[in-house]
Amino acid sequence: MLATRPVLGNIARSRVAATLGARRTMATVSDSPLDKKVKQNNWEEGNFINYKTFSENIAVVRSRLNRPLTYGEKILYSHLDDPHGQDLERGVSYLKLRPDRVACQDATAQMAILQFMSAGMPSVANPTTVHCDHLIEAQLGGPKDLARANDINKEVYDFLASACAKYNIGFWKPGSGIIHQIILENYAFPGGLLIGTDSHTPNGAGLGMAAIGVGGADAVDVMAGLPWELKAPKYMGVKLTGKLSGWASPKDIITKLAGITTVKGGTGKIVEYYGENLFFISLDSG
């Protein structure tokens with residue numbers, strides 16, 4: 001009996017050590033992909049996609065509504081400021097949302113930044129970019145038009161550049177490209193919510209995000225850290241069958257749909273496309 005006590009003691013200590021080791025592993029390591037830090041883009045440090053919060057908010061709303069959600073609903077509801085208490089009636093309720101990003105073109109950014117400055121904040125509360133493209137007039141050709149715009153709008157560009165540097169806003173100088181294409185190529189990501197002071201902002205939806213055009217005042221609210229209010233949209237489903245032929249492109253589908261519904265028919269709605277035809281449409285085919 002005396003000879004076996006050290007052996008039993010070693011076994012007991014081994015079990016305790018193994019248990020403690022397992023506890024340390026469970027407390028510090030997670031295998032869930034939702035816990036991983038995913039950068040929003042390659043330009044900014046410290047701005048991450050919070051897929052874990054997105055998933056948690058969707059779970060709350062799904063349990064409340066007790067029905068499947070459309071893709072558009074998943075994006076909007078995942079960005080709710082209060083998923084537990086928010087009214088969720090389509091076409092009636094006003095949603096308070098927390099967008100991931102704000103984008104402004106140079107014409108509307110001037111007033112937006114001036115309004116933001118009155119808030120007295122040292123930096124924008126949410127990732128924001130300014131894109132200098134709207135003040136460039138197409139008259140004589142690319143290089144000449146750019147030089148002319150730099151000369152005529154020098155005071156505006158200098159103000160935007162200095163204000164962006166002061167308030168931690170991304171600045172895309174004249175000649176960098178068109179705002180909605182820069183957003184698509186650099187800032188769009190699946191499941192994200194972006195608002196922009198440009199009518200072509202929805203182009204960012206090509207990568208699976210909700211990208212919505214707004215006025216300057218709405219942009220300032222989000223820049224200052226306030227929720228963005230949106231009337232809960234209705235949803236229009238468009239089933240695509242067969243394949244596009246000849247010179248047809250996704251833009252032709254959109255144009256045809258706009259002709260059928262008219263502007264009034266699409267107001268206050270999110271259009272979602274589905275069906276087997278989606279597998280034959282690529283982002284660069286539009």
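What follows is a chat about a predicted model of one protein chain.

Reader: Before I dig in, what kind of model is this, and how are residues numbered?
Author: It is a predicted model, where local features need pLDDT of at least 70, side-chain atom pairs count only at pLDDT 80 or more, and totals for chains, interfaces and linings use all residues. Residues are numbered from 1 along each chain as its sequence is written, and side-chain values use heavy atoms, with hydrogens and water left out.

Reader: OK, how many helices and strands are in the chain?
Author: The protein chain has nine helices and 11 strands. Both are DSSP runs numbered from the N terminus: helices are H or I with at least four residues, strands are E with at least two.

Reader: And how much of the chain is buried?
Author: Buried residues account for 34% of the 286 residues. Buried means under 20% relative accessible area, exposed means over 50%, and partly exposed is in between, with a 1.4 Å probe and protein chains only.

Reader: Let's talk sheets. What is the strand order in the open sheet of five strands?
Author: The order is β6-β5-β4-β7-β8, and the pairing is parallel. Two strands pair if DSSP finds at least two bridges between them.

Reader: Which strands sit at the edges?
Author: β6 (170-172) and β8 (210-213) are the edge strands, each pairing on one side only. From one strand to the next, the twist averages 20°.

Reader: How many bridges join β4 to β5?
Author: Four bridges join β4 (residues 101-105) to β5 (residues 128-131), and the two strands run parallel.

Reader: Which strands does helix α8 lie across?
Author: Helix α8 (residues 216-223) lies across β4, β5 and β7 (193-196), and it runs at about 140° to β4. Axes are lines fitted to C-alpha atoms, for helices over the stretch in contact, and angles run from 0 to 180 degrees between N-to-C directions. Contact means heavy atoms within 4.5 Å.

Reader: Now the other end of the chain. How do β10 and β11 run?
Author: They run parallel, with six bridges joining β10 (residues 234-239) to β11 (residues 269-274). Y235 has I270 as its bridge partner in β11. Between the two strands the chain passes through helix α9 (residues 250-266), and this β-α-β crossover is right-handed. That term applies if, with the strands pointing away from the viewer, the path from the first strand over the helix to the second runs clockwise.

Reader: Switching to charges: how many salt bridges are there?
Author: A search of the whole structure finds eight. A salt bridge is a side-chain nitrogen of Lys or Arg within 4 Å of a carboxyl oxygen of Asp or Glu.

Reader: What does E44 bridge to?
Author: E44 forms a salt bridge with R101, and their closest N and O atoms are 2.8 Å apart. The pair links distant parts of the chain, 57 residues apart: E44 is in the loop between β1 (38-39) and β2 (48-49), and R101 is in strand β4.

Reader: Are those two buried or exposed?
Author: Both E44 and R101 are buried.

Reader: And E45, what is its partner?
Author: E45 forms a salt bridge with K39, with the closest N and O atoms 3.4 Å apart. E45 counts as exposed because its relative accessibility is 68%, while K39 is partly exposed at 35%.

Reader: Where is the D158 and K154 pair?
Author: Both lie in helix α6 (residues 154-166), four residues apart, which is about one turn of the helix. Elsewhere, salt bridges that share partners join R67, E73 and R90 into one network.

Reader: Last topic, backbone. Which phi does N168 have?
Author: N168 has a positive phi of about 60° although it is not a glycine. N168 is in the loop between α6 and β6, and counts as exposed because its relative accessibility is 57%.

Reader: What about T262?
Author: T262 also isn't a glycine, yet has a positive phi of about 65°. T262 lies in helix α9 and is partly exposed, at 44% relative accessible area.
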